[in-house]
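Hello,

Here is the structure I promised to pass on to you. Please have a look, and then read my notes below it.

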Amino acid sequence: MKFNKIAIIGGGNLGTSIIKGLLKTGDFRNDDVIVSEIRDRRRKFLTDSGFQVTEDNRKAVSESELVIIAVKPQQVDPLLNEIKSAVVKNRHIITYTVSGLAISEVEKKLGAIPVFRLMPNTAIEIGESMTCISYKNSNDDITESVLALFEKLGKAIVINEELMGAATVLGACGIAYALRYMRAASQGGIEIGFSAELSQLITAQTLKGASELILESENHPEREIDKVTTPQGITISGLNEMEHQGFSSALIKGLVTSFNKLDKFKNNDT
Ligand SMILES: NC(=O)c1ccc[n+]([C@@H]2O[C@H](COP(=O)([O-])OP(=O)(O)OC[C@H]3O[C@@H](n4cnc5c(N)ncnc54)[C@H](OP(=O)(O)O)[C@@H]3O)[C@@H](O)[C@H]2O)c1
């Protein structure tokens with residue numbers, strides 16, 4: 001199944017990243033993706049960026065087969081009520097990135113149509129998202145097509161819906177955790193002699209290399225660490241000092257703190 005037209009409702013941070021990612025695949029032209037956005041200034045920005053833009057959510061849905069809803073959790077209820085009559089069974093596939101929104105809630109509003117709950121991250125913009133997906137009311141053809149689409153935008157896996165909260169923290173918030181590591185390492189690099197620019201470049205490429213090593217080899221990170229830690233060497237001394245200062249523990253505690261906040265912030269955001 002090929003999606004001829006995709007509607008993105010909510011042209012904010014993530015919605016914009018998704019449009020950029022879709023266009024970057026080369027499978028879609030500007031005319032194939034329509035973004036619907038209520039905020040004037042945001043619409044102007046999206047139009048100036050060359051995207052097809054509307055403020056009419058129902059029009060965007062009617063013109064498309066695949067709908068990607070990317071609004072904040074507290075904005076989704078009125079939106080579903082608004083688009084309900086434009087959603088056609090056997091034509092539309094509804095996908096959404098809204099955190100904390102159960103598939104059953106969407107089904108309650110829109111009926112038994114194919115619904116895909118997505119948890120991507122902003123690296124979708126460059127085709128490097130980690131997208132976790134749960135779904136309901138689909139068939140093999142639709143499921144394969146949705147998965148294939150998100151595989152073009154990075155890696156995509158199907159998970160149980162109960163794990164969506166964990167996916168939000170590890171995959172979506174995870175971008176911020178990795179970037180904070182990057183900032184800290186860059187600052188350290190400046191202290192030991194590099195310019196800010198070079199320090200950032202070296203840190204970013206080193207992180208990219210570390211990720212690729214693990215993704216390609218599927219080795220445990222510690223196995224790769226063993227290859228660069230000589231007895232009494234400089235790497236192990238630094239690593240052990242980081243652990244004395246609580247490096248791994250801080251990361252795990254931060255992750256769990258984010259996870260524990262998910263319920264409290266169900267009506268707010270990531
Ligand atoms: N950002 C991430 O990294 C990320 C990752 C995974 C999942 N998510 C989830 O994805 C969703 C979108 O996140 P975001 O960061 O892109 O939020 P965002 O920047 O606030 O974008 C949402 C956009 O949708 C607009 N909007 C609100 N109601 C609308 C409606 N009825 N019709 C059309 N447009 C509407 C908003 O306008 P106003 O500003 O005027 O409200 C805003 O411009 C959230 O539920 C978030 O939890 C985000």
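What follows is a short tour, from the whole chain down to single residues.

This is a predicted model, so local features need pLDDT of at least 70 and side-chain atom pairs count only at pLDDT 80 or more, while totals for chains, interfaces and linings use all residues. Residues are numbered from 1 along each chain as its sequence is written, and side-chain values use heavy atoms, with hydrogens and water left out.

**Overall**

The protein has 11 helices and eight strands; these are DSSP runs numbered from the N terminus, helices being H or I with at least four residues and strands E with at least two. Along the principal axes, its C-alpha atoms fill a box of roughly 70 × 40 × 35 Å. Of the 270 residues, 38% are buried (under 20% relative accessible area, with exposed over 50% and partly exposed in between; 1.4 Å probe, protein chains only). Among contacts (heavy atoms within 4.5 Å) with a separation of 6 or more, 62% join residues 24 or more positions apart.

Eight strands form an open, mixed sheet in the order 3-2-1-4-5-6-7-8, where two strands pair if DSSP finds at least two bridges between them. Strand 3 (52-54) and strand 8 (154-158) are the edges, each pairing on one side only. On average, neighbouring strands are turned by 25° against each other, direction ignored. Strand 5 (residues 93-96) runs parallel to strand 6 (residues 115-119) over three bridges, and Thr-95 has Phe-116 in strand 6 as its bridge partner. Helix 6 (residues 140-151) packs on this sheet, touching strands that include strand 1 (6-9) and strand 4 (66-69), and its direction makes about 150° with that of strand 8. For such angles, axes are lines fitted to C-alpha atoms, for helices over the stretch in contact, and the values run from 0 to 180 degrees between N-to-C directions.

**Two backbone details**

Which residue in the loop between strand 7 and helix 6 deserves a look? Asn-137 sits there, with a positive phi of about 60° although it is not a glycine. Asn-137 counts as partly exposed because its relative accessibility is 30%. Gln-232, also not a glycine, has a positive phi near 60° and lies in the loop between helix 9 (221-228) and helix 10 (234-244). At 82% relative accessibility, Gln-232 counts as exposed.
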